[in-house]
Structure formats: structure tokens, C-alpha cells
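Here are my notes on this model, as numbered points. Please read them with the structure open.

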Amino acid sequence: VGYLGLMCEGISTACGARETDGVVRVQALSTHMWLQVSSTILTSLGFAAIYVNKVIHGKSHFTSLHGKLGSITYSLSLFLIVLGVCSFKRLKLIDRFPSACHPWLKWFHRLLGVTTWCLSLLVMEIILPHPAVLQGIVAHVWRLGVVCLGALMLLALGRRTTSALPRVVDFTMVPRERESKVH
């Protein structure tokens, strides 16, 4: 739920915010932040449940491919919150970085966010056919759903992306001001 629902919605919200300005943009980015924090809370609860269950059953931690990739994905999720907080202008932490770094910091946050989300889908795909999780047709339908959601999200992101590299944004005239000067 954290990765499939909330993180997916958070990424979509953040992408939509890039096409806005002013109060609408700040509200969208705040919504993005709360969706991602909620996602991380849910994934933390899942991570804790898995960890405790392994302790109860005396099993080793992070030995399977799913466990190793899952711990990397979870760690990246935590790092993304820190990176997001650092790059959110409203919190003024970004001012501690040289202004030339701001576009790169935001670009890296976006890139790492989408990469983490894609990695989360891979982690799900790896564990879904496990007998302890799902079996039979339900497992296949669930796996197909995860793949379809991933493909649709990446297509949607691809349509919104104009460049793989960060772009320098001129904040002197936001789109609304440019339109009013043209008229």
C-alpha cells in the first residue's frame, strides 16, 4: 500500500506540481510531502512486521534477493525524505547549499524517487510467487497488476519529462506574470 498506492500518488502529485506556480505549487508539493511521509510510515510498519516475524521464527535477515533489495529500497525511501526536506524551498534548508546546486539537488531527488519506486515494484515481483505470500491465479493476476501499474506510471512520467538533466529555472517571472505582460 505504501509503495503501490501512496508513493505512486505522491510521484504523480509532484509531477503535476511542476506545471503550476505560486500557492497551487506549494500546496501540491506539501501534498506530495505528506503522501511520501505516509508511504514511508506504512513501509516502516511493514518492514518492522517482517523483521519481528523473522526474529520470532529464528530466521536470518536480509539473506534472500528480496530481503537485500527490500532493505536497499527501504533505506532509499528514508534517504528520499531527507533529500526532499533539504530541497523544499519553504523549509529554507536548501539555502544552505550553493544556489548552483539547487536544480541538481531537485533533479537527484526526482530521479532517486522514481528509481526507488521502480525498485519497490521489482521487490514485490520477486516475492509474490513465494508460497507464503500468494499462490495460483491470484499470484499471477497480482504480479500482472504490479507490472501494468509500473508500465502505466513510467509512461505517464515519460510524457511529462522533457529532459533527463536538471534545468535551470528562471524564477524572476513565473508563468502567470509572463501571460499578463503578453496581454
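**Notes on the predicted model**

1. This is a predicted model. How many aromatic pairs does the structure hold? There are four aromatic pairs. F47 and Y74 form a stacked pair, because their planes sit at 10 degrees, with ring centres 4.5 Å apart. The pair links distant parts of the chain: F47 belongs to helix α2 and Y74 to helix α3 (residues 65–87), 27 residues apart. F47 is partly exposed at 27% relative accessibility, whereas Y74 is buried at 15%.

2. W104 and W107 pair edge-to-face, since their planes are at 80 degrees; the ring centres are 5.7 Å apart. These two residues are three apart in helix α4, which means about one helical turn between them. W104 is partly exposed at 48%. W107 is also partly exposed, at 22%.

3. F47, Y51, F62 and Y74 are linked into a cluster by ring pairs.

4. T116 sits in helix α4 (residues 102–127). Is T116 buried or exposed? T116 is buried, because its relative accessibility is 0%. Leaving out residues up to four places away in sequence, T116 touches M7, T73, L76, S77 and L80.

5. On the surface, V1, I41, L42 and L45 make up a nonpolar patch, with about 410 Å² of accessible area together. I41 is placed in helix α2 (residues 22–56).

6. The disulfide count is zero. For C8, the nearest cysteine sulfur is that of C118, 10.0 Å away. C8 counts as buried at 10% relative accessibility. C15 counts as buried too, at 17%.

Key: Residues numbered from 1 in each chain as written. Predicted model: local features only at pLDDT ≥ 70, side-chain atom pairs only at ≥ 80, totals over all residues. Heavy atoms only, no water. Disulfide = S-S within 2.5 Å. Buried < 20%, exposed > 50% of the residue type's maximum accessible area, 1.4 Å probe, protein only. Patch = residues over 30% accessible without salt bridge, like charges linked within 9 Å, V, L, I, M, F, W, Y side chains within 5 Å. Areas by Shrake-Rupley, 256 points an atom, 1.4 Å probe, with all protein chains shown as cover. Salt bridge = Lys/Arg side-chain N within 4 Å of Asp/Glu carboxyl O. Helix = DSSP H or I, 4+ residues; strand = E, 2+ residues; numbered from the N terminus. Contact = heavy atoms within 4.5 Å. Phe/Tyr/Trp six-rings, centres within 6.5 Å; stacked < 30°, edge-to-face > 60°.
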